[in-house]
Each structure stands twice: as C-alpha cells, then as structure tokens.
Amino acid sequence: TWHLKKIPQIVRERTFSLDSPKFEAKTKLELNSVCGIECQRKLPVPSLSDLKSLLSYETVFENGTRTLTEVNVLGAVPDPAANTTTRRPLRKKRQIYGTDSRFSIYDKRFMTNFPFNTAVKISTGCSGILVSPKHVLTAAHCLHNGKDYVKGSKRLRVGLMKTKSRGNGRKRKGGTSDGMPSFQWTRVKSTHIPKGWFKGVSGDIALDYDYAVLELKRPHKRKYMELGISPTIKMMPGSMIHFSGFDNDRSGQLVYRFCSISDESNDLFYQYCDAEPGSTGSGIYLRLKEPNKKKWKRKIIAVYSGHQWVDINGEQQDYNVAVRITPLKYAQICFWIHGNDENCTQG
C-alpha cells in the first residue's frame, strides 16, 4: 500500500540573478562516484543549514539567463538509516548482468498508452518521465556535469513519443520506420537543478542529488505519472521496480525492464536492472494499492542515475544506481511543479 506521509515544507526565501552559464561541459552518460554503499552509510545526517544549502536550486531559462533560489526547510525529520543488505558475488560485466532481460516495446497500443507513453527522450541523449502537464523529471547530469551546463542544454528539447504520422510516407525529423516511435519535439522553457548536485557545495558529485525538473514551453495532453515517496526495500512487493527509457544500444526503441533492488542507502537504490546509457534519467516506478481502496496506482519513486562502480569491503563492485524520492526531494520536486508548497503537504 502507498503510505501517506506528511511532507516537509520547502519555502522560497530569496531569488537572485547569476551570470549566464557557459554551456561548455561535455555530456557524460556514465559517472564515477567516490562514495559507495559503505561510505554512504557512514555519512552524517545533514544539518538544517546543510539541507538549506543542498536544496537551494538554480533555474536556467530558455534565453540563457540563470537564477539561484535560496530556500528554507520546515518540518524536516531526518530519516534514520534504514539499510538492508543482500551481498551478491562480485560481477565483472557492466550494465547488462547475465542474460539481457530488457523488453523492446514495439506494439503501438502499448507504446502510446500509459504507463509507457510517460517516457520521454531528452535532446542531450538521456531519458525522462512526464510528471505534470508541463514538467519532466530527469537526471541532473543529463544537463550539468557538476561544474557547468552541458553543451546541448542551451537549446534543450524533449521528445514525446507518437506513432508514425499518416501521409505520403516521408519521414519527419526524428521519425523512424514502422514499429519504432517517432518523436514530437517540444522546447524547454526552464530547468531546475538542486545545489546539492554542484561541486563546491557537496565537495564532489553527490549522486543523492542527481535529479532535475524541466518545464516545457507548451503543455502536452497526455496522462503523466504521479510522484510517490520511495518505500524501503522491505515494503516493496518482491522488491521489484520498473522503468522504461531509450537505451543507446537499441536506437529509436523504447526499452522496458523490471528487476529487484539489491541494496539501499537513505538516498540511493543499488540494483542489477539491465540498462545501457541513454536510459539515464528514466523514472522508476512501483504499482501499489491506494490506501483504503481496491485501486492500484503507479507512482515514480526514484530517478535512474546510471552505472556506478562502488567500494564494498575494499573491492570495486558495479551496480546500476537510482536516486530515491525521499520526503524532502518530494517536497522540492513538487514545489518546482506547482510553484508553491500548498499542493505538496501529503505524499
């Protein structure tokens, strides 16, 4: 069951202008983190002033201007470390673990219907997911490398799947042959990235804050996926998660997968979901029962961040890693979508 939680409040304190970014960083679809599972467990719980700094955010607008918004955090209750560990043998193969268990979605009835039609393509080479009539959730590193915005993020576009248009058979820009999605590209009006992602605030790239929200220039008219708060592994049916994205090795195809989570820290899920670069930024979702109802509902509970080497007992081990939507991150993403915290009191 989805458990309702009281959400902390994120309140805008002040916003001021910054210089325009250079947009010179190269897009990196694979990150190197220095802090593995054990390191994550030893991290101190952030203080209130840390949280205010980490959850303050930059907004970049379509014309290249940039602002920094400082926030206050009200009612935050630090989560006690809730980690269950399942040790697995060391794996040498990267991103695809053993048998490739991904499914390419070819059937247009599935491709253009919920939940698959909530997956979008980001013009910098990542994936994302629709979270409102005008907003897309994706990974921060698809737009920013920790020091500067990536080259392609100045004229950022989002591709929504559509079935191939009827007509004289000519391919449109971004269109593909039958059985493959073609894309309707929409310009991005603004992007929000938490300061916790930037080097200098966090010392090094902190995967915990590898998420961003894009506001589209025009609303789409599709069903979108609601946000949920990530339960612990124990509270998930079969510990199973699901996500769909546009993996680079299956060009033009929507690729769906489901798998179980192996380990967790307060902010991250470690799993062996088969995924190649390109699916980074996909929304990870669960299907649970609504409280006191017989209805089931899918909600996004994490953002897929990509492949990581992590230190476990002094050995390098590889996982595919996702950023959990904690109550604080729920509050922030919800605030970015609605522009106020009144719609974000219950998650």
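This is a predicted model: local features need pLDDT of at least 70, side-chain atom pairs count only at pLDDT 80 or more; totals for chains, interfaces and linings use all residues.

Biologist: What volume does the largest cavity have?

Modeller: About 100 Å³.

Biologist: And which residues lie nearest its centre?

Modeller: The ones nearest the centre of the largest cavity are S153, K154, L156, V188 and T191, out of 14 residues in the lining. Two elements give two or more residues to that lining: β2 (57–61) and β9 (182–194).

Biologist: Which element gives the most?

Modeller: β9 does, with five residues in the lining of the largest cavity.

Biologist: How do you even find empty space like that?

Modeller: You roll a probe the size of a water molecule over the atoms, and that shows where empty space is left.

Biologist: OK, how many cavities of 30 Å³ or more turn up in the whole structure?

Modeller: Four of them, when the whole structure is searched.

Biologist: Tell me about the second largest cavity. How much space lies in there?

Modeller: The second largest cavity holds about 50 Å³ of space.

Biologist: Which residues line it?

Modeller: The second largest cavity is lined by P115, F116, T118, A119, G128, I129, S244, G283 and Y285. At least two residues of this lining come from β6, and at least two from β15 (283–289).

Biologist: Got it. Changing topic: how many disulfides does the structure hold?

Modeller: One. C126 and C142 form the disulfide, and their sulfur atoms are 2.1 Å apart.

Biologist: Where in the chain do C126 and C142 sit?

Modeller: C126 is in the loop between β5 (119–122) and β6 (127–130), while C142 is in the loop between β7 (135–138) and β8 (157–162). The two are 16 residues apart, and the pair links distant parts of the chain.

Biologist: Is that disulfide left-handed or right-handed, and why?

Modeller: Left-handed, because the torsion about the S-S bond of C126 and C142 is about -95°.

Biologist: Last one: are the two cysteines buried or exposed?

Modeller: C126 has 1% relative accessibility, so C126 counts as buried. C142 counts as buried too, because its relative accessibility is 0%. The cut-off for buried is under 20%.

Methods:
Residues are numbered from 1 along each chain as its sequence is written. Side-chain values use heavy atoms; hydrogens and water are left out. A disulfide is a pair of cysteine sulfur atoms within 2.5 Å. Helices (H or I, at least four residues) and strands (E, at least two) are DSSP runs, numbered from the N terminus. Buried means under 20% relative accessible area, exposed over 50%, partly exposed in between (1.4 Å probe, protein chains only). On a 1 Å grid over the protein atoms alone, a cavity is a set of points where a 1.4 Å probe fits but cannot get out, and a pocket is an open set with protein on both sides within 12 Å along at least five of seven lines; lining residues have an atom within 4 Å of a point. Grid points are joined across faces, edges and corners, and a volume is the space filled by probe spheres set on the points.
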